[in-house]
Protein chains: 2
Amino acid sequence: MAIYMKIVTLKDIAEQLNISVTTVSKALKDYPDVSKKTKLQVRELAKTLNYKPNAFAVNLRTRESKTIGLIIPVIVHHFFSNVIKGIISQAEKKGYLVIILQSDESYELEKKQVELLLSQRVDGVIISLANGTAKYDHLNEIIAQDKPLVMFDKIAKIVKCSKIIIDDRKAAYTATKHLIDIGCKRIAHFRGALLPQNSIDRFLGYKKALLDNNLPYDPSLVYICECGDMSFEEGKKNAKQLLKDHDDVDGIFINTDLVAIGAMTEFQQMGVKIPEDISIVGFSNWFMSSVISPGLTTINQPGFEMGKAAFKQLFKEIKARKKGKSLEPKTIVLETDLITRASTKNTIS
Amino acid sequence: MAIYMKIVTLKDIAEQLNISVTTVSKALKDYPDVSKKTKLQVRELAKTLNYKPNAFAVNLRTRESKTIGLIIPVIVHHFFSNVIKGIISQAEKKGYLVIILQSDESYELEKKQVELLLSQRVDGVIISLANGTAKYDHLNEIIAQDKPLVMFDKIAKIVKCSKIIIDDRKAAYTATKHLIDIGCKRIAHFRGALLPQNSIDRFLGYKKALLDNNLPYDPSLVYICECGDMSFEEGKKNAKQLLKDHDDVDGIFINTDLVAIGAMTEFQQMGVKIPEDISIVGFSNWFMSSVISPGLTTINQPGFEMGKAAFKQLFKEIKARKKGKSLEPKTIVLETDLITRASTKNTIS
DNA sequence: CTGAAAGCGCTTACAG
DNA sequence: CTGAAAGCGCTTACAG
């Protein structure tokens with residue numbers, strides 16, 4: 001019973017007005033060499049018939065789809081979903097659509113997804129690497145096809161493309177220094193996965209803060225996670241292990257809030273008091289961290305801004321390519337800050 | 001210095017093998033009327049040259065893009081990001097890509113985004129309506145173009161398309177009944193926005209539970225939110241107002257966990273004890289609700305499953321259309337359950 | 001088993 | 001100011 005609309009093409013408009021398809025096309029695109037009268041007629045009819053250019057044909061002709069691809073490790077994740085939001089909002093402003101894929105921290109999946117996006121001929125790719133990614137052929141293929149590629153958060157330094165990051169080493173240094181400043185002497189670190197550059201840098205920042213402040217660096221205080229993406233559980237597990245291994249730890253710098261919250265949950269169940277017995281600093285500033293109790297001191301990582309910056313950079317590179325230019329890869333470093341809450345002792349009070 | 005790869009077409013392969021483009025195309029698609037020998041040759045060369053069909057051309061010919069559109073009110077949202085994950089994971093299995101747009105609870109934006117998706121000629125659309133959506137022309141246009149449309153969570157009953165929902169009325173009834181069972185006598189309700197069907201149904205479930213259990217229904221106990229998407233703040237605001245208006249309330253059924261968490265935060269700051277003074281039940285079972293203290297009793301809403309079901313239904317309809325059939329719209333109701341935590345008094349202990 | 005041809009719906013260089 | 005023509009890279013009905 002529904003009234004199905006016929007899909008209108010340039011040809012339909014041309015026939016109804018008894019002019020050529022060429023002229024219709026030009027009129028709609030406001031070419032200067034079409035008479036005002038014709039333009040008006042064409043536009044009016046196009047509106048009446050609800051004409052929409054067939055994107056498939058336009059894509060084929062113009063060799064661009066106004067669509068970009070985004071690959072992220074996890075979607076249900078405060079930081080990453082903020083990045084998605086940033087990318088989408090910025091893309092929409094410039095008339096671009098975003099195809100989103102989730103690599104689930106798997107290199108194999110990530111590789112397949114890059115292939116998929118390339119075969120869909122997206123105009124560019126934004127990616128945050130899976131923890132498992134240690135080979136970069138799939139990324140180099142994007143570059144070899146002369147397609148813009150922007151990495152953010154979990155990057156590979158060796159890949160020649162633009163990157164949007166924070167200064168992970170500095171942020172981790174600040175986080176650890178805060179623990180030192182409030183008097184912690186034995187500071188552990190839950191670093192998460194081994195591979196990603198940001199986890200390496202955060203570890204280095206932690207270590208440097210210790211050494212700069214005359215605290216010994218003890219490798220047995222650093223907990224690595226071989227697991228996949230079970231952050232909350234990982235925090236609980238590490239916390240339990242830590243209590244067995246070391247009874248003298250008085251502070252922990254934990255890579256990622258979700259892990260920190262897992263650890264706090266475990267500690268509270270075991271009767272360990274935060275911050276009286278152990279002070280905790282997280283990383284990322286998930287919304288959750290502000291509503292749990294005690295509130296979690298953490299490093300604020302600007303997800304939304306990273307997303308915006310990533311798309312802006314990608315867009316610049318897309319535009320440059322259209323003009324036949326090629327931009328030098330650029331690395332943009334966004335600011336972070338320490339947000340102190342009740343999970344670390346307040347020296348003032 | 002980078003080695004740019006030439007993009008290979010069927011024509012390139014055909015020329016190198018001295019056969020026709022037709023045969024190459026058929027060989028790659030494993031048509032039965034091509035000799036084994038030719039097929040082997042073609043495939044091998046295609047592989048060597050890293051041939052990838054030009055999706056733009058394929059789309060134009062086949063009139064489908066293997067891409068669907070998804071419009072959701074908010075991305076940074078535990079429930080919705082789970083839905084996204086469900087849709088993407090299912091779509092990937094079937095070789096479909098997903099373009100995601102965020103309506104920000106705005107009808108105007110949502111309308112524009114539908115236009116965008118239609119002009120991109122996606123193969124189908126999945127949507128959860130903005131709170132502000134009260135007109136459905138844009139949705140009917142999708143249907144008029146004979147494109148599959150699936151709604152989930154925030155639906156419009158009047159639109160003739162498939163829907164994936166939960167039994168909101170029943171779930172709200174269960175939530176309210178739980179408050180009654182543990183002895184609450186004056187139960188308030190934060191219903192959120194006025195328009196969306198699910199908020200209406202949840203309100204009706206709340207009301208019915210009261211009446212079925214001989215508790216008077218008092219409209220002044222129902223708090224509506226005219227604001228946009230500021231859920232946490234909304235909870236705080238309502239909680240504050242509630243304390244001013246009514247000092248006898250002993251239970252609240254709050255639409256959406258995030259609002260509930262805002263309310264709990266406010267109550268704790270005001271010295272109101274949960275659950276001793278007021279018991280609280282949320283809706284949606286955000287991860288956060290399990291780690292705050294006290295834990296929030298809530299209704300578990302299966303976001304991931306909803307996403308999967310939504311794509312599955314859309315896929316069925318896409319397939320049916322290809323065969324020239326048209327499926328009757330189907331409404332799928334997923335199960336929910338009550339998860340009791342410390343925010344409601346435990347009658348057993 | 002192979003291939004010439006038409007066509008999907010646009011855009012644009014070119015001619016008039 | 002207008003339009004015929006070529007072409008983007010495929011797919012497929014049809015002929016041989």
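The expected span of a helix is 1.5 Å times one less than its number of residues, and helices (H or I, at least four residues) and strands (E, at least two) are DSSP runs, numbered from the N terminus. The model is a predicted one, in which local features need pLDDT of at least 70, side-chain atom pairs count only at pLDDT 80 or more, and totals for chains, interfaces and linings use all residues. Residues are numbered from 1 along each chain as its sequence is written, while chains are lettered from A and ligands numbered from 1 in the order in which they are written.

Helix 13 of chain B contains a series of buried residues, among them Met306(B), Phe311(B), Leu314(B), Phe315(B) and Ile318(B). Here, buried means that 20 or more other C-beta atoms, placed from the backbone, lie within 10 Å of the residue's own. The cover over these buried residues includes strand 1 (67–72), helix 5 and strand 11 (331–334) of chain B. Just after helix 13 of chain B comes Gly324(B), with a positive phi of about 80°.

Next comes the pairing of the two chains. The contact (C-beta atoms, placed from the backbone, within 7 Å) takes 42 residues from chain A and 42 residues from chain B. On the side of chain B that touches chain A, 26 residues are nonpolar, twelve polar and four charged. Of the interface residues of chain B, 100% are also interface residues in chain A, so the copies meet through the same surface.

Finally, the DNA. Around DNA strand D there are 24 residues, and the closest are Ser20(A), Ser35(A), Leu10(B), Asn54(B) and Ala57(B); a residue is near the strand if its C-beta atom, placed from the backbone, lies within 6 Å of it. Helix 4 of chain B gives the most to this surface, with five residues. By class, the surface near DNA strand D has nine nonpolar, ten polar and five charged residues, where Ala, Val, Leu, Ile, Met, Phe, Trp, Tyr, Cys and Pro count as nonpolar, Asp, Glu, Lys and Arg as charged, and the others, Gly among them, as polar.

Technical notes
Two residues are in contact if their C-beta atoms, placed from the backbone, lie within 7 Å. A residue is buried if 20 or more other C-beta atoms lie within 10 Å of its own, exposed if 12 or fewer, and partly exposed in between; C-beta atoms are placed from the backbone.
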